[in-house]
Each structure stands twice: as structure tokens, then as C-alpha cells.
Amino acid sequence: MTAISVRGRARLTTVSEVGAGEWPSHVRVRQARAEDAAQVRAMHERCSPETRRLRYFTSAPRLPESALGRLLVPEHGVSLVAVAPDGAIGALATLFHPAHEPVAEVALLVEDGWQRHGLGTALLCSLVEHAAVRGVREVRAHVLPWNRRMLALFDRAGLVSRRGYEDGVVLVAADVPPGVLASDRCA
């Protein structure tokens with residue numbers, strides 16, 4: 001077992017497969033499954049309209065079933081969920097990676113009450129590990145210009161990012177560093 005230290009008290013302990021672990025001791029991070037739909041829908045509905053808007057660029061209170069399925073089990077990629085002991089899911093992180101492409105997109109949604117503890121950073125690092133295993137050379141995120149926490153997430157994870165504008169949003173891109181597995185941060 002290796003541990004990735006993340007801001008303050010947060011810790012992601014990696015066990016057996018890439019990205020499985022615990023954060024902090026009472027929250028388990030694992031790969032998402034189709035049967036997580038009800039819990040992810042409930043988490044989405046518990047998020048504030050602003051949190052949903054920052055993630056999806058809309059504050060719609062309910063995800064369409066088709067979108068929910070694509071988020072939980074992406075055809076090309078992987079999604080992770082953070083699960084509390086009572087089974088409640090408080091975060092969803094997705095790596096969208098078309099086969100044989102050197103670039104992948106990352107997206108995260110962390111429920112309001114679970115934010116500001118380093119979970120987003122830990123999840124991003126886990127997604128970067130998944131990207132490295134898949135041979136991805138660059139991860140990207142489309143971010144609203146006023147979403148300062150997401151814009152800073154790459155820096156907190158130790159990734160050297162580049163930024164540009166595309167269709168009114170910030171495109172944040174970072175190279176997947178070699179040897180990313182079991183590091184203190186992503187880089």
C-alpha cells in the first residue's frame with residue numbers, strides 16, 4: 001500500500017488497483033458502477049445550483065438518465081466515486097479517454113459539504129494515475145472562467161498546466177508526468 005498525502009488531513013490510500021482507496025479514513029474511493037445511479041443522482045440533487053453550474057455549465061437540478069449512465073460507466077474512460085460508510089456518494093470524478101488518443105478529459109463534482117478537504121485533489125491524482133496506465137500523455141478540463149477552485153486544482157495536484165480559451169471557457173491542459181504512480185502528488 002502507498003499513500004498520497006493531500007492538503008491537510010486528506011489521505012488517499014491506494015490498494016491493489018489504481019484509484020481504489022480511502023479518503024479520509026471514513027470515505028472509500030472506488031470505480032463507479034451502473035448500480036450507483038440512485039446515489040449519484042441523490043448527490044447531484046444535494047449539490048447547490050452553483051456547484052452544479054460550475055461542473056455542468058447549467059444548474060439543472062436533475063441529470064437526464066442518459067447522461068447519468070454515460071458519467072457512471074463511460075464508454076471510453078473511467079469514473080470514480082467517493083462513498084461514505086452509510087453508502088452515500090459525495091463525489092464523482094470522470095476520465096473521458098477515447099481509445100488510442102493521447103489526450104483525455106477530466107471532470108469532477110464534489111458535493112458542497114465534502115469540498116475544501118482535498119478530496120478533489122486526491123480524485124484528480126487518481127484520474128491522472130488511470131490516464132498514465134492507459135498511455136494518456138495529456139489531461140484537460142473545460143472550466144468556467146470564474147471557477148477558481150477548479151482552475152487551482154491542477155496546481156494543488158502538482159501538475160504543470162497550460163491555459164487557453166475555447167468557446168468562452170478556460171481549457172486547462174497538463175502533461176501526464178512519467179512515474180506518476182505512488183507519488184506524493186500527481187507530479
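1. At what angle do the axes of helix α4 and helix α5 cross, and within what distance do they come? I started with this pair when going through the predicted model. The axes of α4, residues 119-133, and α5, residues 148-156, cross at roughly 60° and come within 10 Å. An angle in that range counts as neither roughly parallel nor roughly perpendicular, so α4 and α5 are oblique to each other. The crossing of the two is right-handed.

2. Now for who touches whom in that crossing. From α4 the contact takes Gly120, Thr121 and Leu124, and from α5 it takes Leu153, Phe154 and Arg156.

3. Helix α1 covers residues 37-46 and helix α3 covers residues 65-72; they pack at an angle of about 110° with axes 11 Å apart. Since 65 to 115 degrees is the roughly perpendicular range, α1 and α3 are therefore roughly perpendicular to each other. Ala37, Val40 and Arg41 make the contact on the α1 side, and Glu65, Leu68 and Leu72 make it on the α3 side. This contact of α1 with α3 has 4 nonpolar residues, no polar ones and 2 charged.

4. Some whole-chain numbers, for context. The chain holds 5 helices and 10 strands. Of its 187 residues, 52% are buried. Looking at contacts with a separation of 6 or more, 57% are between residues 24 or more positions apart.

5. On to the strands, with β6 up first. Is strand β6, residues 89-96, largely enclosed or largely open? Buried residues account for 7 of its 8, so β6 is largely enclosed by the rest of the structure. Strand β5, residues 77-83, runs antiparallel to β6 and is joined to it by 7 bridges. Within that pairing, Val83 sits opposite Ile89 of β6. Strand β7, residues 103-110, is also antiparallel to β6, and 6 bridges join the two. There, Ala91 has Val110 of β7 as its bridge partner.

6. The turns on either side of β6 deserve a quick look at phi. The hairpin of β5 and β6 has 5 residues between the strands, and Gly87 in it takes a positive phi near 95°. In the hairpin of β6 and β7, with 6 residues between the strands, the positive phi belongs to His100, near 65°. As background, most residues other than glycine have a negative phi. I'd have a look at the backbone around His100 with that in mind.

7. Strand β10, residues 169-175, reads much like this too. Here 6 of the 7 residues are buried, so β10 is largely enclosed by the rest of the structure. Strand β8, residues 138-143, pairs with β10 in the antiparallel sense over 6 bridges, and His142 has Leu171 of β10 as its bridge partner. Strand β9, residues 161-166, pairs with β10 in the antiparallel sense over 6 bridges, with Arg162 opposite Ala173 of β10. The β9 and β10 hairpin has 2 residues between the strands, and Asp167 in it has a positive phi near 55°.

8. Positive phi turns up in loops as well. Phe57, in the loop between α2 (49-56) and α3, has a phi near 70°, a positive value in a residue other than glycine. Its relative accessibility is 37%, so Phe57 counts as partly exposed. Arg116 has a phi near 70° too, again positive in a residue other than glycine. Arg116 lies in the loop between β7 and α4 and, at 59% relative accessibility, counts as exposed.

Methods. Residues numbered from 1 in each chain as written. Predicted model: local features only at pLDDT ≥ 70, side-chain atom pairs only at ≥ 80, totals over all residues. Heavy atoms only, no water. Axes fitted to C-alpha atoms, helices over the stretch in contact; angles between N-to-C directions. Helix = DSSP H or I, 4+ residues; strand = E, 2+ residues; numbered from the N terminus. Parallel < 35°, antiparallel > 145°, perpendicular 65-115°, else oblique. Left-handed = near helix turned anticlockwise from the far one by under 90°. Contact = heavy atoms within 4.5 Å. Buried < 20%, exposed > 50% of the residue type's maximum accessible area, 1.4 Å probe, protein only. Pairing = 2+ DSSP bridges. Nonpolar A, V, L, I, M, F, W, Y, C, P; charged D, E, K, R; others polar.
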